[in-house]
Amino acid sequence: MDASAGGGGNSLPTTGADGSKRRVCYFYDAEVGNYYYGQGHPMKPHRIRMTHALLGRYGLLDQMQVLRPHPARDRDLCRFHADDYVAFLRSVTPETQQDQIRALKRFNVGEDCPVFDGLYSFCQTYAGGSVGGAVKLNHGHDIAINWAGGLHHAKKCEASGFCYVNDIVLAILELLKYHQRVLYVDIDIHHGDGVEEAFYTTDRVMTVSFHKFGDYFPGTGDIRDVGHSKGKYYSLNVPLDDGIDDESYQSLFKPIMGKVMEVFNPGAVVLQCGADSLSGDRLGCFNLSIKGHAECVRFMRSFNVPLLLLGGGGYTIRNVARCWCYETGVALGHELTDKMPANEYYEYFGPDYTLHVAPSNMENKNTRHQLDDIRSKLLDNLSKLRHSPSVQFQERPPETELPEQDEDKENPDERRDADSDVEMNDAKPLEDSGRLLFLLVSSTLM
């Protein structure tokens, strides 16, 4: 594929045209694979552990700074979520949930979003990884990865679509402390509704979601939904039909994202890499190959803008692990061999034991005319934006203190407190960068 299609960036090796090696950090908590949504539930955190095992066997862990996320605290979660909702998540257990029927209904916790052992710790862990990744990007890293994050459906006051805490919104709020504009891109098969809703009325965050639309959860993401007030045209929705393949997907992704990068000029990018858009997903209906999915990562990486890579959906877990392993390689500039090395979960990947899986022969219901029409409408919306919106800043919110555990540095004598493992470099907060949470929460986070 031509990575420069649509006027965007070129796919770069580890050492890009800027002459600098990409500094990549990766967040992982060994306990994350133990959380269990329940029998028959399609969301399986075990896929994160499978991904990590593959990264180790491919030798990628040695190429990154590996960090254990510091659990997000109540006050970190409450920067977006309502206090009573966070208090509920902290207190509810499988044993006590029957005593809280009204609260379960109020907060939409139940069948899709069940109460399970360690629920709040799970939320703290995946949110801590995403916010920690944002802190790292704010202080000099080029790419941060948290495959446990990307839970894009969670709302301010309720769970939704297997998501309880919206780690993405929290990470974006952290990035906004240092960057005037942050871009959010979502390639999960489901619309990134929770993130879009959070920033629907601001021009400081642009959200772009590529998703299945039409009688499909969550039912939002119409091409006509473009944002409101100051945020008008800062929400882009790319509605797609069943069976979209690599070529059709990239015929939209590259020209649209190339124009977004030109017009919006973000200081940081958050890319939600939901793997349920892959061919053969248990809940999905797209036909992307792993290389086609990863081409989105490669393309966004090519702009040399600080990049936060997050997980998301993905319910055929052997393919999720394949995908996120390969995309970690893309982030590092390493092309991985297709023959899979022996690993703890080798039996999951039979009978071929390869990293890549061929897409199916399913029908692509996205016609050339439909794709051309979508691309034309969205490029027209982008033409209505003035380049690089100006932003008024006041005082900067306090720094989030998330002391991640560096897996490579277990000696406590080598560690300092708070952001000790963050190298400050030349990163400076925005001048007078304005009571950010008050301004955003009061006008945006409805």
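His153 is situated in the loop between strand 3 (143-146) and helix 6 (167-175); helices (H or I, at least four residues) and strands (E, at least two) are DSSP runs, numbered from the N terminus. The model is predicted, so that local features need pLDDT of at least 70 and side-chain atom pairs count only at pLDDT 80 or more, while totals for chains, interfaces and linings use all residues. Residues are numbered from 1 along each chain as its sequence is written, and side-chain values use heavy atoms, with hydrogens and water left out.

In an unreviewed UniProt entry, the feature "active site" is placed at His153. UniProt positions are given in the numbering used here, feature names are shortened, and annotations may be inferred rather than shown by experiment. With a relative accessible area of 3%, His153 is buried, where buried means under 20% relative accessible area, exposed over 50%, and partly exposed in between (1.4 Å probe, protein chains only). Contact is defined as heavy atoms within 4.5 Å. Not counting residues up to four places away in sequence, His153 touches Ser160, Gly161, Cys163, Asn166, His190, His191, Asp193, Gly194, Phe217 and Pro218.

The unreviewed UniProt entry also lists Asp112, Gly161 and Tyr315 under "binding site". These positions span 204 residues in sequence, yet no two of their C-alpha atoms are more than 13.8 Å apart, so they gather at one spot. Gly161 is found in the loop between strand 3 and helix 6 and, at 10% relative accessibility, counts as buried. Leaving aside neighbours within four places in sequence, the contacts of Gly161 are Cys113, His153 and Phe217. Tyr315 belongs to the loop between strand 8 (307-310) and helix 10 and is buried, its relative accessible area being 7%. Beyond its neighbours within four places in sequence, Tyr315 is in contact with Pro42, Met43, Phe162, Asp276, Asp281, Arg282, Leu283 and Val320.

Cysteine pairing was examined with a disulfide taken as a pair of cysteine sulfur atoms within 2.5 Å. By this rule the count comes to 0 disulfides. For Cys113, the closest cysteine sulfur is that of Cys163 at 6.8 Å, too far for a bond. Cys113 counts as buried at 2% relative accessibility, whereas Cys157, with a relative accessible area of 38%, is partly exposed.

Val115 lies in the loop between helix 4 (101-106) and helix 5 (119-138) and counts as buried at 10% relative accessibility. Although Val115 and Gln97 are 18 residues apart along the chain, their C-alpha atoms are separated by 7.5 Å. Gln97 is also one of the contacts of Val115, together with Val92, Thr93, Pro94, Leu104 and Val109, when neighbours within four places in sequence are left aside.

Apart from neighbours within four places in sequence, Glu196 is in contact with His191, Thr207, Ser235 and Asn237.

Helix 1 (residues 46-57) has 12 residues and should span 16 Å, and its end C-alpha atoms are 17 Å apart, which agrees. Because 9 of its 12 residues are buried, helix 1 is largely enclosed by the rest of the structure. The buried positions are His46, Arg47, Ile48, Met50, Thr51, His52, Ala53, Leu54 and Leu55, and they pack against strand 1 (24-27) and helix 10 (317-332). Just after helix 1, Gly59 adopts a positive phi of about 80°.

Helix 9 (residues 290-301) also has 12 residues, and its reach of 16 Å from first to last C-alpha is close to the expected 16 Å. Helix 9 is mostly covered, with 10 of its 12 residues buried: Ile290, Gly292, His293, Ala294, Glu295, Cys296, Val297, Phe299, Met300 and Arg301. The buried residues of helix 9 pack against strand 3, strand 4 (182-186), helix 8 (246-264), strand 7 (268-272), strand 8 and helix 10.

Definitions and conventions
Expected span 1.5 Å × (residues − 1).
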